[in-house]
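My entries follow the structure shown here.

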Amino acid sequence: MEERRLGPVVGLGTWNTFRGDAALATRIVGAAREAGVRCFDTSPMYSSEQALGAALGDDRVGATVLTKIWTSSPDEARGQYEDQLAWFGRVELEQVHNLVAWEQHLPWLEEEREAGRIDRLGVTHYSPSTFDELARALRTKRFDTVQVPLNPRERACERELLPLAEELGIAVIVMEPLGSGALLRETPAAEALAPLRDFGVETWPQALLKWALSDRRVDLVIPATSKPERAAENAAAGEPPWFGREERAYVERLAG
Ligand SMILES: NC(=O)c1ccc[n+]([C@@H]2O[C@H](COP(=O)([O-])OP(=O)(O)OC[C@H]3O[C@@H](n4cnc5c(N)ncnc54)[C@H](OP(=O)(O)O)[C@@H]3O)[C@@H](O)[C@H]2O)c1
């Protein structure tokens, strides 16, 4: 099971951050890679795939592309996949976005994995109201990864999905680790972070990212940013030492 692990590491999400600006995408991705980020999450939904592919370039040694199939149409799904092969060469992790037609897509995605053009298959959903279905998908044992939200204010996945992923050896990817920005609206004062300094935490976003990664069932967090310097700030949270129970509880209190 251990070989399925991706981390614990910080990756980069790309929803709503490149904003159609290829030059900005190149700067964000470049800063992230310089800071040691390897995993880049995208989707046909984000209109960021082509810019990500261009930013990574042809020689993307060490970079792992996490993308998605997001449609219930078999033809459109194939079209999304063909585009991805053109932009990325290959796909390290192909996820079924928001469980859309997952049972329909699985057989051909498994064939592609078998053929070596995809390394792993995953499934995502942002809404706890779908977690029963997500659990059913995981119990088929046909997925290698699951992507769900987890932050101090959104912990629904802790009930069933994290234990299930651990039991089945499925890698966990955390979306919305900063609450899509909502957890950053009120930032604790610098003194409040003092007890976390020995853990390498200098900023509130780093505290939140380390909070998620310190759950040993979590492999990867994928914060998104439109500011290149923040990609490096976030990546720094992916280094040990990890929080214990006490530090995690402290961050939860700070998050309110
Ligand atoms: N259904 C799905 O599969 C699904 C759903 C949701 C998300 N996702 C994936 O998960 C990724 C992350 O989720 P998310 O984008 O919703 O939210 P997030 O990563 O929790 O938060 C992103 C927000 O945090 C801000 N931010 C990031 N780093 C910061 C820093 N160091 N300091 C201050 N502000 C910072 C960004 O603003 P700035 O741009 O101003 O830095 C942005 O507004 C997505 O990009 C996507 O790849 C997948």
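How many bridges join strand β6 to β7, and in which sense do the two run? I worked from a predicted model. I found 3 bridges between β6 (residues 118–124) and β7, and the two strands run parallel. The chain passes from β6 through helix α5 (residues 131–139) to β7, and I noted this β-α-β crossover as right-handed. Within the pairing, Thr124 stands opposite Gln147 in β7.

Entry on the other neighbour. I then looked up strand β8 (residues 171–175), which pairs with β7 in the parallel sense over 5 bridges. Pro149 has Met175 of β8 opposite it. Here the chain crosses from β7 by way of helix α6 (residues 161–168) to β8, in a β-α-β crossover that is right-handed.

Entry on burial. Are the residues of β7 buried or exposed? I recorded that 5 of the 5 residues in β7 (residues 145–149) are buried. In a regular strand, side chains alternate between the two faces of the sheet. In β7, I saw Thr145, Gln147 and Pro149 point one way, with Val146 and Val148 pointing the other way.

Entry on salt bridges. I noted 14 salt bridges in the structure. Side chains of opposite charge can pair when their charged atoms come close.

I looked up Arg90 and Asp119, whose closest N and O atoms are 2.8 Å apart in a salt bridge. Arg90 lies in the loop between α3 and β5 and Asp119 in strand β6, so this pair ties together parts that are 29 residues apart in sequence. Both are partly exposed: Arg90 has a relative accessible area of 28%, and Asp119 is at 39%.

Next, I looked up Arg142, which forms a salt bridge with Glu110 at 2.8 Å between the closest N and O atoms. Because Arg142 sits in the loop between α5 and β7 and Glu110 in helix α4 (residues 102–114), the pair ties together parts 32 residues apart in sequence. Arg142 is partly exposed, at 32% relative accessibility.

The last pair I looked up is Glu166 and Arg216, with 2.4 Å between the closest N and O atoms of their salt bridge. Glu166 belongs to helix α6 and Arg216 to the loop between α7 and β9, so parts 50 residues apart in sequence are tied together. Glu166 is partly exposed at 41%, whereas Arg216 is exposed at 61%.

Which residues do salt bridges with shared partners join into one network? I recorded Arg60, Arg90, Glu92 and Asp119.

Conventions: Residues numbered from 1 in each chain as written. Predicted model: local features only at pLDDT ≥ 70, side-chain atom pairs only at ≥ 80, totals over all residues. Heavy atoms only, no water. Buried < 20%, exposed > 50% of the residue type's maximum accessible area, 1.4 Å probe, protein only. Helix = DSSP H or I, 4+ residues; strand = E, 2+ residues; numbered from the N terminus. Pairing = 2+ DSSP bridges. Right-handed = clockwise from strand over helix to strand, strands pointing away. Salt bridge = Lys/Arg side-chain N within 4 Å of Asp/Glu carboxyl O.
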